[in-house]
Amino acid sequence: MNPMSIKGYLLSSNKYSDFKFNVPPEAPVFEPTDEDFENPLQYIDRIRPEAEKCGICKIRPPPEWQPPFAMDIDNFKFTPRVQKLNELEAKTRIRLNFLDQIAKFWELQGSRLSIPLVEGRILDLYSLYHLVKREGGSFTVTRERKWNCIAMQMGLSPGRSSCSALKSHYDQILFPYYVFQSNKVKLEKKHERSSMARNDNKRGKCSGTTKVPKTKKKTSLDIDPLAKYICINCHRGDIEESMLLCDGCDDSYHTFCLIPPLNQIPKGDWRCPKCLAKEVSKPVEAFGFTQAQREYTLQEFGEMADKFKTKYFSMPVHCVPTEVVEKEFWRIVSTLDADITVEYGADLHSVDHGSGFPTKYSINITEDPEFEKYIASPWNLNNLPVLPGSVFSFINADISGMKIPWMYVGMCFATFCWHNEDHWSYSINYLHWGEPKTWYGVPGEKAEDFEKAMKKAAPELFENHPDLLHQLTTIMNPNVLMQAGVPVYRTDQQAGEFIVTFPRAYHAGFNQGYNFAEAVNFAPGDWIQIGRECIGNYSTLRRYCVFSHDELVCRMANDCENIDPKLAAAAYMDMINMAEIEKNLRHTVLTWGITDSENVFFELLPDDERQCEICKTTCYLSAVYCRCDPTKSVCLLHYKSLCCCPSRRHVLRYRYSLDELPIMLQKLKLKAEFWNVWMTKVQEMIDTHETIDADTLKRLIAEAKEKSFPQSELITSLSMLLSNYEYHKKILKTYRCREPMKRTEFSGYVISVALPTASQRTTFSKVPLSNSNLLQR
């Protein structure tokens, strides 16, 4: 790779050859057959035991499945996000934040920070500051001759020149800041003690035990106009040529009375230690992406993206190996002086722009049967979230990004940061066309280990922003996570391939070049349990919910006629716990003394009017408000935190009475058990009979229809068997002149089936039998 310059940044394969990146192991890849590909939810459930262990997996559709790109290219315009790459990585951002603090410190001191070079590299002031601090301070490091050790820890060659340079730069740039921080802590403790003393005096005054002496009120004649020219530290007004007047509060200080003292009068504005502490102590603003200054068409963005990658790597875009781009990406985000900025068309709503998949609303829709096939395809991401067997089919609202796909237009190095999906749901991403996406995934069962590793590696970021991982603005090198014991897997998604992420699995990645992808969430029955756990986690973190989990489960219970039996079983198990917890909570608040209640249809209220004031959860089954402020309410877990009013002023709002919940539970139970009984009949029939007559088939199909079982592979197969029987019966009637066939001969058609294994059987549902549509004589 030839050295080249981009935005003032030099890239050289020789200069940065010492950067190492250990490639994580590959995530599993699945290639379904045409038969497997008919039902995405069933197929994903089948591969889940293996794929879930890695957090992510890749699915390659059958070769003939190639949906046309249905976007209205001519009218598609978007404004991308701007990403400065080295601000994305957690450790690098900590260093950049530290440099901002140092720069602000010197700027308020009337000086400008200039970062020095040591051995041809920009000095890492963050590491130098913390290494010296860890070793006991500069005096200890100098006395015990540890500068050589400091240099080695910073990757510098041990020697007198490096040690002298480090000591000199520390003394000039970092030592004054260290002294300032130490004094700031002392001032804060002193202020805290004085504040506590004032509070004690106030309490004493209120109780009548302490007399506060009266002080004479100052008049304008008592104020000395020359007082502000007296040094705050030494209380002298002489040596005026060394006197500094603070540009913030007008206090005066001698340059030699400051800690550390100043050698000369600053040229610019100057702040005293109190004003400096106030400014430097301001919390760091939350990092976020800015929007680009211009709008792009797909063609314009593609031209920009290809030009960037070609110039960066000095070769055609499709000639750059993916492993080269991957290593360079992680080098860039780990480098302080890598001033690389890219743009990413992320989270583009298909409602606003249309979908890349064909839909009945597509502008360029045709009457081609192939086009119609993809409109109805269950793998079309507009259909997949609401398929029979998906929990999200019971959510009425069109939640953008969860039920409604989002689209992504990428370029080389454009990044999607570490996150897991809202409500810990599944997600699926399809790459319509373009260069690959590189993905990294962590298994959902290791999510807490991942969070601990992130917080340990970047504690400063999480102290200021505990919800950092929910902001989707932070990445961390997978090697750092792997060294902390967190399993990380990777994969490259090519055009025409799906990536599936599993519940609670953290994932991140970047784009290898110009491409177009589409993604959406979905939730099969197995998600319900972990979705419930997620609500508890959100409550602890005080994070807003996208929808009410309780409301979703109750909708499933009230719509039992259309629910999949397997979903009914999962919803039933969740609702048992939900009803028991609700019963206990209501008993607690009633025991506390709440006497008034009112029935409320929570689903008709806007979400912001039914959120708990404390934990931000979206209430549905119940809530408590006080008559002192009816606009505020809390969930039953936080009824005592609402206000200080007595319990009799509080009112319980409820959606269902405790008598209604068991009725809803019974509906789910019957649905699941009916399916179980019906499946048992079919299985016993197959296990104990070599033949199944037409009357039995009719009874089984009629029972399935009567009990509103959703269409499944097994019911379809039984219907095909009956249809074949009727077809052959019709043929036989055309041969009346011949001797009629005996019923025992005609009934000798046998169902050939593949029975489920013991591990596939569940309490309330059976795995649909496969290959049961074969009719043999």
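This is a predicted model: local features need pLDDT of at least 70, side-chain atom pairs count only at pLDDT 80 or more; totals for chains, interfaces and linings use all residues.
Modeller: A polar contact is a pair of N or O atoms within 3.5 Å; within protein, one must be able to donate a hydrogen and the other to accept it.

Colleague: What makes serine 548 a cap for helix 16?

Modeller: Its side-chain oxygen lies 3.1 Å from the backbone nitrogen of glutamate 551. The cut-off is 3.5 Å, so 3.1 Å passes. The capped end is the N-terminal one.

Colleague: Why is helix 16 called largely enclosed?

Modeller: Because 8 of its 10 residues are buried. The helix covers residues 549–558. Buried means under 20% relative accessible area. Those that pass are His549, Asp550, Glu551, Leu552, Val553, Cys554, Met556 and Ala557.

Colleague: How do you know that leucine 117 is exposed?

Modeller: Its relative accessible area is 57%. Exposed means over 50%, so leucine 117 qualifies. The residue lies in strand 7, residues 117–118. With Ile115 and Ile122, Leu117 makes a nonpolar surface patch of about 260 Å².

Colleague: Why is arginine 60 called partly exposed?

Modeller: Its value is 32%. Buried needs under 20% and exposed needs over 50%, so 32% falls in between.

Colleague: What makes arginine 60 and glutamate 497 a salt bridge?

Modeller: The closest N and O atoms are 2.8 Å apart. The rule asks for a Lys or Arg side-chain nitrogen within 4 Å of an Asp or Glu carboxyl oxygen, so the pair passes. Arginine 60 sits in the loop between strand 4 and strand 5, glutamate 497 in the loop between strand 18 (489–493) and strand 19 (498–501), so the bridge ties together parts that are 437 residues apart in sequence. Glutamate 497 is buried, at 7% relative accessible area.

Colleague: How many salt bridges does the rule give?

Modeller: The count comes to 31.

Colleague: What stands out in the largest nonpolar core?

Modeller: Of its 97 residues, Leu128, Phe413 and Trp418 touch the most other members. The largest share, 9 residues, comes from helix 6, residues 160–207. A second, separate core of 75 residues includes Ile47, Tyr426, Ile614 and Cys619.

Colleague: Which residues does leucine 128 contact, leaving aside its neighbours within four places in sequence?

Modeller: Leu123, Trp147, Ile150, Met154, Leu166, Tyr170 and Leu174.

Colleague: And overall, what share of the 777 residues counts as buried?

Modeller: The share is 47%. The protein has 21 helices and 27 strands. Among contacts between residues at least 6 apart in sequence, 76% join residues at least 24 apart.

Note on methods
Residues are numbered from 1 along each chain as its sequence is written. Side-chain values use heavy atoms; hydrogens and water are left out. Buried means under 20% relative accessible area, exposed over 50%, partly exposed in between (1.4 Å probe, protein chains only). Helices (H or I, at least four residues) and strands (E, at least two) are DSSP runs, numbered from the N terminus. Patches are made of residues with over 30% relative accessible area and no salt bridge: like charges are joined within 9 Å, nonpolar side chains (Val, Leu, Ile, Met, Phe, Trp, Tyr) within 5 Å. Accessible areas come from the Shrake-Rupley method with a 1.4 Å probe; for residues, only the protein chains shown count as cover. A nonpolar core is a set of buried Ala, Val, Leu, Ile, Met, Phe, Trp, Tyr and Cys residues joined through side-chain atoms within 4.5 Å. Contact means heavy atoms within 4.5 Å.
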